[in-house]
Amino acid sequence: MAAAACDAAAVEQLAGLLDQVDAPLKKTFENVHQGYPTETLVRFLKAREWHVNKAHRMLEDSLNWRIQNEIDSILEKPIIPVDLYRSIRDTQLVGLSGYSKEGIPVFAVGVGLSTYDKASVNYYVQSHIQINEYRDRFILPMATKKYGRPITTCIKVLDMTGLKLSALNQMKIVTAISTVDDLNYPEKTETYYIVNAPYIFSACWKVVKPLLQERTRKKVLVLRGCGRDELLKIMDYSSLPHFCRQEGSASSKHSSSDADNCFSLDHPFHQELYNFIQEQALNQELIKQGSLHVNIPEQDPEDAKIVEVIEAEFHKLGVQNGSANGIDQA
């Protein structure tokens with residue numbers, strides 16, 4: 001009871017501080033909270049262990065970042081031509097596979113097979129933020145309306161199929177994307193389910209896990225194999241990511257049907273998202289080629305330390321496997 005009272009007081013204090021910011025920041029905050037400001041303030045407070053001043057600084061920095069990088073209009077800026085966007089979808093594996101039994105969106109991420117090698121970093125960051133913004137402005141509000149209660153978070157199923165030591169080559173772009181998420185979309189993921197985890201993941205997880213804050217550790221669940229049986233307890237079969245539907249099935253990059261593969265541009269989610277952005281651009285007469293440059297916020301020192309530990313572990317595994325430079329072998 002006392003803890004709840006302290007939490008409520010912290011939310012009230014943060015709300016009071018937010019009332020003092022300039023009008024442009026208040027305007028962009030509307031796009032962030034989508035009618036649920038209290039839940040949004042709680043997310044930022046959680047991300048800063050309920051320290052009001054730290055949460056206020058984090059939130060204000062995030063709102064300024066949104067204004068400086070025109071995030072409110074990012075859904076009006078398509079990645080063209082379509083062949084380029086298809087290449088991004090084929091190398092940055094992420095998609096909406098369905099919803100949990102409680103109505104929470106389920107996003108699948110192909111960690112092991114994402115190569116990020118068909119476009120510039122700017123394009124991959126732009127695409128990632130567009131998915132975030134579409135999730136927060138449309139997917140979550142629609143789920144909230146359908147289920148009659150605030151749904152402000154999602155579930156992520158991370159497929160480690162194909163994870164190799166060469167993933168170290170993508171560490172820079174992965175770190176950039178995770179920094180954008182950590183500082184501007186905090187606490188948006190309710191649970192991370194890890195599936196198809198090879199030895200390399202288990203080795204890294206063993207050294208990284210103790211470095212994570214307890215609330216983060218509790219969110220990460222490593223499932224056996226493809227995780228199908230465990231995931232079916234919280235979602236229907238139709239919402240399972242394609243790589244969780246059968247043990248030993250095809251890699252997460254390919255599926256028997258592109259319409260079933262939530263990573264594919266041909267999947268309904270990506271078709272809907274791409275068409276929406278194209279329509280918004282046409283309405284604003286904004287269609288033009290070229291990526292959107294988004295400034296990457298400075299990484300939190302604690303997160304930077306974790307990245308260093310992961311890199312060191314990858315190099316150590318590389319040496320153990322006889323790799324000359326520590327990143328060549330699986």
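These legends accompany several close-up views of a predicted model.

Residues are numbered from 1 along each chain as its sequence is written, and side-chain values use heavy atoms, with hydrogens and water left out. Because the model is predicted, local features need pLDDT of at least 70 and side-chain atom pairs count only at pLDDT 80 or more, whereas totals for chains, interfaces and linings use all residues.

**View 1. The protein chain as a whole.** The protein chain contains twelve helices and five strands, where helices (H or I, at least four residues) and strands (E, at least two) are DSSP runs numbered from the N terminus. Of its 330 residues, 48% are buried; here buried means under 20% relative accessible area, exposed means over 50%, and partly exposed lies in between (1.4 Å probe, protein chains only). Among contacts between residues at least 6 apart in sequence, 76% join residues at least 24 apart, a contact being heavy atoms within 4.5 Å.

**View 2. The salt bridge between arginine 86 and aspartate 266.** The structure holds 14 salt bridges, each defined as a side-chain nitrogen of Lys or Arg within 4 Å of a carboxyl oxygen of Asp or Glu. In the one shown here, the closest N and O atoms of arginine 86 and aspartate 266 are 3.3 Å apart. Arginine 86 lies in helix α5 (residues 82-91) and aspartate 266 in the loop between α10 (228-231) and α11 (268-284), so the pair ties together parts that are 180 residues apart in sequence. The C-alpha atoms of the two residues are separated by 9.0 Å. Arginine 86 is partly exposed at 31% relative accessibility, and aspartate 266 is likewise partly exposed, at 33%. Apart from neighbours within four places in sequence, arginine 86 is in contact with Leu265 and Asp266.

**View 3. A network of salt bridges that includes glutamate 187 and lysine 219.** Salt bridges link Glu49, Glu187, Arg215 and Lys219 in a network. Within this group, glutamate 187 pairs with lysine 219, with 2.8 Å between the closest N and O atoms. The pair links distant parts of the chain, 32 residues apart, since glutamate 187 is in the loop between α7 (171-184) and β4 (189-195) and lysine 219 is in helix α9 (residues 214-219). Glutamate 187 is buried, at 16% relative accessibility, and lysine 219 is buried as well, with a relative accessible area of 14%. Glutamate 49, by contrast, is partly exposed at 39%; this residue is placed in the loop between α3 (37-47) and α4, and has a positive phi of about 50° although it is not a glycine.

**View 4. Helix α6 and its bend at arginine 135.** Helix α6 (residues 121-147) has 27 residues, which at 1.5 Å a residue should span 39 Å, and its end C-alpha atoms are 37 Å apart, in agreement; the expected span is 1.5 Å times one less than the number of residues. The helix bends by about 40° at arginine 135, the bend being the angle between axes fitted to the seven residues ending there and the seven starting there. The side chain of arginine 135 meets that of aspartate 136 in a salt bridge of 2.7 Å, N to O, and both residues are buried. Helix α6 is mostly covered, with 19 of its 27 residues buried, and is followed by glycine 148, whose phi is positive, near 70°.

**View 5. The packing of helices α2 and α4.** Helix α2 (residues 23-33) and helix α4 (residues 52-68) pack at an angle of about 95°, with their axes 9 Å apart; the axes are lines fitted to C-alpha atoms, for helices over the stretch in contact, and angles run from 0 to 180 degrees between N-to-C directions. The two helices are therefore roughly perpendicular, a class that covers angles of 65 to 115 degrees. Residues making the contact include Pro24, Leu25 and Phe29 of α2 and Leu59, Leu63 and Ile67 of α4.

View 6. Isoleucine 80 and proline 81 are joined by a cis peptide bond, with omega about 0°, and proline 81 is placed in the loop between α4 and α5. Glutamate 70 is also in the loop between α4 and α5; its phi is near 55°, a positive value in a residue other than glycine. Glutamate 70 is partly exposed, with a relative accessible area of 45%.

How values were computed: Parallel < 35°, antiparallel > 145°, perpendicular 65-115°, else oblique.
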